[in-house]
Amino acid sequence: MLAYALRRLLLAVPLLIGITFVSFVVIHLAPGDPVEIQTGDMSQQHSAQAYKALQELYGLDKPLHVQYWSWLSRLARLDFGRSFAPHGRPVSAMIAERLPITLLLNVVEMLIIVALAVPIGVLSATRQYSTFDKITTIFVFIGFATPDFWLALLLMILFGVQLGWLPISGLRSLNWEYMTFWQQQWDFLSHLALPILVATFGGLAGFSRYMRQSMLEVVRQDYIQSARAKGLAERVVIGKHALRNAMLPIVTILGLSLPGLIGGSVIVEWIFAIPGMGQLMVQAAFERDYPVLMGNLVIVSSLTLFANLMADLAYSLVDPRIRVGRRRR
Amino acid sequence: MRDFWKALSRNRLALIGGVVVACLALLAVLAPAIAPWDPNRPDVKNILDSPSKRHLLGTDQLGRDVFSRMLFGARVSLAVGFVSVGIAATIGILLGSAAGYHGGMVDATIMRVVDLMLVFPRFFLLLAVLAFLKPSIWTIMAVIGLTGWMGVARLVRAEFLALKEREFVLWSQAVGASAYRIIWRHILPNAMAPVLVAMTLGIPAAILTESGLSFLGLGVQPPHATWGNILNEGKDAIELAWWLSVYPGFAILVTVLSYNLLGEGIRDALDPRLRQSAGRVVSRGR
């Protein structure tokens with residue numbers, strides 16, 4: 001088990017380097033020059049001087065492979081560099097400010113999705129073609145087809161504008177400082193309600209569908225028949241024997257869908273003005289802030305790789321067949 | 001083939017999906033003829049008018065007719081859907097068949113690239129690339145296509161692995177047919193069914209991605225109307241004009257839903273066994 005985990009961890013390193021290399025090249029070769037954005041509104045003479053000075057400061061005057069190498073060797077020392085923005089703050093500090101809220105959103109979202117999708121999938125599989133199954137199927141198709149940003153707009157119009165029940169942007173009310181402790185917690189939660197609802201919706205459709213399909217396959221297996229034949233209660237057959245096996249593919253899909261969920265939170269964070277990683281990413285992209293972009297990408301890719309690894313480990317934990325030298329594919 | 005049409009026509013939902021898809025295509029093609037107003041002509045006297053007989057779905061911040069803009073937006077969505085899926089399928093088929101047929105190092109290399117692309121946070125890549133390139137309908141198509149071919153490649157490879165051991169392939173090898181000929185003339189036609197299904201389901205995914213990017217302001221640029229950028233403008237007027245937010249999003253929902261119903265219908269009709277395996281091979285676009 002430990003050897004397997006270590007081997008996978010070692011494989012993740014070249015993958016991560018590959019990702020950073022590709023993005024570094026794409027970002028630097030794409031048109032648009034961060035220095036030009038900053039010096040564009042200066043007078044001609046000053047701008048030429050400032051342009052050169054800034055290029056040297058940022059190291060942009062060197063060849064691309066030299067830039068990548070120096071970026072990578074700094075990264076090896078966990079130095080993400082400094083932002084190109086005038087404040088020039090360290091990228092690590094900017095990310096540290098924003099990572100917790102994005103992680104909180106994603107983790108809560110995942111928990112809600114799993115907590116709802118598993119029972120929904122099991123129920124609609126065990127009662128295939130029942131009214132419940134048909135309703136969830138309709139819900140799934142609509143869930144697949146609903147753009148999350150549109151759902152966000154609709155909810156903002158309904159709960160924010162028409163009913164006025166929930167705040168529609170940011171994380172705190174203006175009078176946050178004057179609230180008691182519990183009022184502050186409530187305020188925070190009510191700001192998170194709509195973003196989490198939106199982020200959960202699309203994922204829920206997908207996962208309840210996967211769960212249903214997986215369950216349908218499992219209940220057809222012989223060992224379920226034999227469990228029934230030896231007289232176990234249906235509750236035990238489904239809840240214990242079938243569920244455990246039906247969960248297997250879900251674990252993998254959960255890990256694989258993480259980049260999608262994090263990607264989805266870019267849109268959610270942007271709409272609801274939540275100061276998280278997604279918002280930082282969009283800002284950095286518009287301002288051509290290379291170090292911030294690359295730092296973001298490293299964090300998000302490592303999280304994704306880590307989640308994939310965790311999913312695979314969990315999988316091999318519940319299914320010992322995987323561990324024993326099974327070749328991939 | 002007749003069995004296919006018979007099975008498809010028995011599936012009522014898929015038929016409805018197909019009809020809606022056809023209607024949408026027709027509306028998009030005929031947009032210049034149907035649109036009651038010039039989609040890009042501002043009208044300062046009628047800013048943010050609510051839906052009425054004059055303006056069926058109201059007007060936006062510049063007084064432009066939302067209904068006409070949505071008709072023209074349909075052209076963008078459908079074009080992006082078809083072209084980007086075409087790009088993705090071409091790359092996927094080329095790489096998938098090479099990997100599946102040749103095996104060995106070729107296979108290992110291609111599949112490592114696929115793995116790399118799959119763990120890549122796709123939306124971040126799209127963001128980074130689009131923020132740097134000048135966003136236009138062509139870059140959108142290219143970028144969505146270039147980041148979405150992995151599902152097709154995997155499918156084609158799996159089909160090739162199974163088919164290349166079959167007798168008809170062994171026989172063509174025995175009579176000395178070239179690898180090129182065997183791949184294109186003998187194996188590929190037999191492997192196309194799941195690819196077609198994946199392509200049908202890939203179109204709505206691409207449409208969703210495009211509208212999301214346009215909504216963020218990284219897609220097709222104003223004044224060209226797309227469903228996504230009408231929604232973007234709707235966000236700023238959310239307290240004044242609900243119609244700017246409600247209708248374009250509903251159009252996206254209906255379009256994506258119809259394509260999904262049609263795609264699943266085609267899949268079931270082609271081969272009921274595919275129900276599980278060809279699932280959502282093309283990711284949901286995010």
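**Notes on a two-chain helical model**

1. F149(A), W150(A) and L153(A), which belong to α7(A), meet L231(B), G234(B) and K235(B) of α10(B). Sorted by class, this contact has 4 nonpolar residues, 1 polar and 1 charged. Keep in mind as you look at it that this is a predicted model.

2. How far apart are the axes of α7(A) and α10(B)? They lie 11 Å apart, and the two helices pack at an angle of about 25 degrees. Angles under 35 degrees count as roughly parallel, so α7(A) is roughly parallel to α10(B). The crossing of α7(A) past α10(B) is left-handed.

3. An α-helix has 3.6 residues a turn, so residues three or four places apart point the same way.

4. Why can we call it largely enclosed by the rest of the structure? Because 8 of its 10 residues are buried. The buried ones are W227(B), G228(B), N229(B), I230(B), L231(B), N232(B), E233(B) and G234(B). Their packing partners come from both chains: α7 (148–162) of chain A, plus α3, α9 and α11 of chain B.

5. Another helix to look at is α5(B), which is mostly covered, with 11 of its 11 residues buried. Those residues are R122(B), F123(B), F124(B), L125(B), L126(B), L127(B), A128(B), V129(B), L130(B), A131(B) and F132(B). Remember L127(B) and A128(B), as both come up again in the core, among the residues with the most contacts inside it.

6. Zoom out to the whole contact between the chains. Here 38 residues of chain B are in contact with 43 residues of chain A. On the chain B side, at least two residues each come from α4 (104–119), α5 (122–132), α9 (179–215), α10 (227–236) and α11 (242–270). So what kinds of residues does that side of chain B hold? It has 25 nonpolar, 8 polar and 5 charged residues.

7. Next, the core. The largest nonpolar core has 145 residues, and those with the most contacts inside it are A152(A), L127(B), A128(B) and V152(B). Helix α3 of chain B (residues 66–102) gives this core its largest share, 16 residues. Have a look at V152(B): leaving out residues up to four places away in sequence, V152(B) touches A88(B), A89(B), G92(B), I93(B), G96(B), V195(B) and A198(B).

8. Chain A as a whole: this chain has 13 helices and 0 strands. Its C-alpha trace spans about 90 × 55 × 35 Å along the principal axes. Of its 329 residues, 35% are buried. Among its contacts with a separation of 6 or more, 71% are between residues 24 or more positions apart.

9. Chain B as a whole: here you'll find 12 helices and 0 strands. Taken along the principal axes, its C-alpha atoms fill a box of roughly 75 × 45 × 30 Å. Buried residues account for 49% of its 286 residues. Of the contacts in chain B between residues at least 6 apart in sequence, 72% join residues at least 24 apart.

Notes
Residues numbered from 1 in each chain as written. Chains lettered and ligands numbered in written order. Predicted model: local features only at pLDDT ≥ 70, side-chain atom pairs only at ≥ 80, totals over all residues. Contact = placed C-beta atoms within 7 Å. Helix = DSSP H or I, 4+ residues; strand = E, 2+ residues; numbered from the N terminus. Nonpolar A, V, L, I, M, F, W, Y, C, P; charged D, E, K, R; others polar. Buried ≥ 20, exposed ≤ 12 C-beta atoms within 10 Å, placed from the backbone. Core = buried A, V, L, I, M, F, W, Y, C linked by C-beta atoms within 7 Å. Axes fitted to C-alpha atoms, helices over the stretch in contact; angles between N-to-C directions. Parallel < 35°, antiparallel > 145°, perpendicular 65-115°, else oblique. Left-handed = near helix turned anticlockwise from the far one by under 90°.
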